[in-house]
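Open the model in a viewer and keep the sequence panel beside it. The stops below can be selected in order.

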Amino acid sequence: MPTPDKQLSAEQSRQIADTIREEIARRRISRQSLAELAKLSLSTLEKVLGGRRPFTLATTVRLEQALGVSLRKTPEAPAPLPAVNGEVAPDDLGAYSRRAVAWIEGTYVTVRPSFGDKDAIFAYRTEITWDNAASSLVFHESERQDAAFTQFGEVAVPNQSGHIYLVTNRHGQHRLITVARLAISGEMYGIITTLLAGRGSSLTPIAAPIAYLPIKMVASPTFGRVSADDPNYVQYRQHLRRTTEEPFALFLPG
């Protein structure tokens, strides 16, 4: 006889629901999309998020796998030490003050080569903001055609290199973007290092030029896969070429 699925406590269910709502808001994905990723019915997801049904262990695990984050708190883990100053980032992010990096905050049109079409450009939105809870800059992507791969993470700004690092770390799996920012106009140019999803479970390391354009620079931004007949294609392509031609990023021959 199968063992009934363990139900979580009312307090655990409230905490998990709050975390999921925060993740949905950060990634700007719909509940329908999350339900499909987690292989749950939308009705089930709505009920647990609305408190009309407690979370079960199986449902929680499916949602954790879909989001790539842990939803259950571990009581035995020590609480993080409070920051000495709520507006100074941790040392491993560069120990910068909020005032010192305010010029980086904003919304950017992000462009890189399409990994699936050598002649196309992939474009999406990135927001960089100050997160009081993390006491650092954080970034959140949206308007991605491949919504399941939407990224968010921390921003490191060390004094030593003069570069900006957008870091995703999910259970030890990293994606790193290294860029330099133009002081006056605000564009950022550099390299993205990530994994290319292939057939099945195949993943291949890949690096490509990337550019962040302050959204005010693009009158009517186009997001998704941008082909040569799109009115923004030439502008996007010029910025990607600038990344390697000036050069903000170097790609050495093998």
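Select Asp18 and Arg21: the two form a salt bridge, with their closest N and O atoms 2.6 Å apart. The term requires a side-chain nitrogen of Lys or Arg within 4 Å of a carboxyl oxygen of Asp or Glu. Because they are three residues apart in helix H1, Asp18 and Arg21 are separated by about one helical turn. Helices here are DSSP runs (H or I, at least four residues), as are strands (E, at least two), and both are numbered from the N terminus. By the salt-bridge rule the count comes to 10.

This is a predicted model, in which local features need pLDDT of at least 70 and side-chain atom pairs count only at pLDDT 80 or more, while totals for chains, interfaces and linings use all residues. Residues are numbered from 1 along each chain as its sequence is written, and side-chain values use heavy atoms, with hydrogens and water left out.

Next, colour residues 10-67 as domain 1 and 91-245 as domain 2; such bounds come from an automatic or database domain assignment. The C-alpha centres of the two domains lie 27 Å apart. Six residues of domain 1 and 10 residues of domain 2 take part in the contact, defined as heavy atoms within 4.5 Å.

What area do domain 1 and domain 2 bury between them? The value is about 700 Å², with 56% of it on carbon and sulfur atoms. Buried area is the accessible area (1.4 Å probe) that two parts lose on being put together, summed over both. Now show helix H1 (residues 10-27), which gives three residues, the largest share of the side of domain 1 that touches domain 2. That side of domain 1 divides into two nonpolar, no polar and four charged residues. Between domain 1 and domain 2 there are zero salt bridges.

Move to Tyr96 and Trp130, an edge-to-face aromatic pair with 6.1 Å centre to centre and 75° between the planes. Rings of Phe, Tyr and Trp (its six-membered ring) pair if their centres lie within 6.5 Å; planes under 30 degrees apart count as stacked, over 60 as edge-to-face and the rest as tilted. Tyr96 is in the loop between helix H4 (57-67) and helix H5 (98-101) and Trp130 is in strand E2 (residues 121-131), so the pair ties together parts 34 residues apart in sequence. The whole structure has four aromatic pairs.

Two backbone stops remain. Glu143, in the loop between strand E3 (136-142) and strand E4 (152-156), has phi near 60°, a positive value in a residue other than glycine. Finally, select Glu246 and Pro247, joined by a cis peptide bond with omega about -5°. Pro247 sits in the segment after helix H6 (233-245).

Note on methods. Ala, Val, Leu, Ile, Met, Phe, Trp, Tyr, Cys and Pro count as nonpolar, Asp, Glu, Lys and Arg as charged, and the others, Gly among them, as polar.
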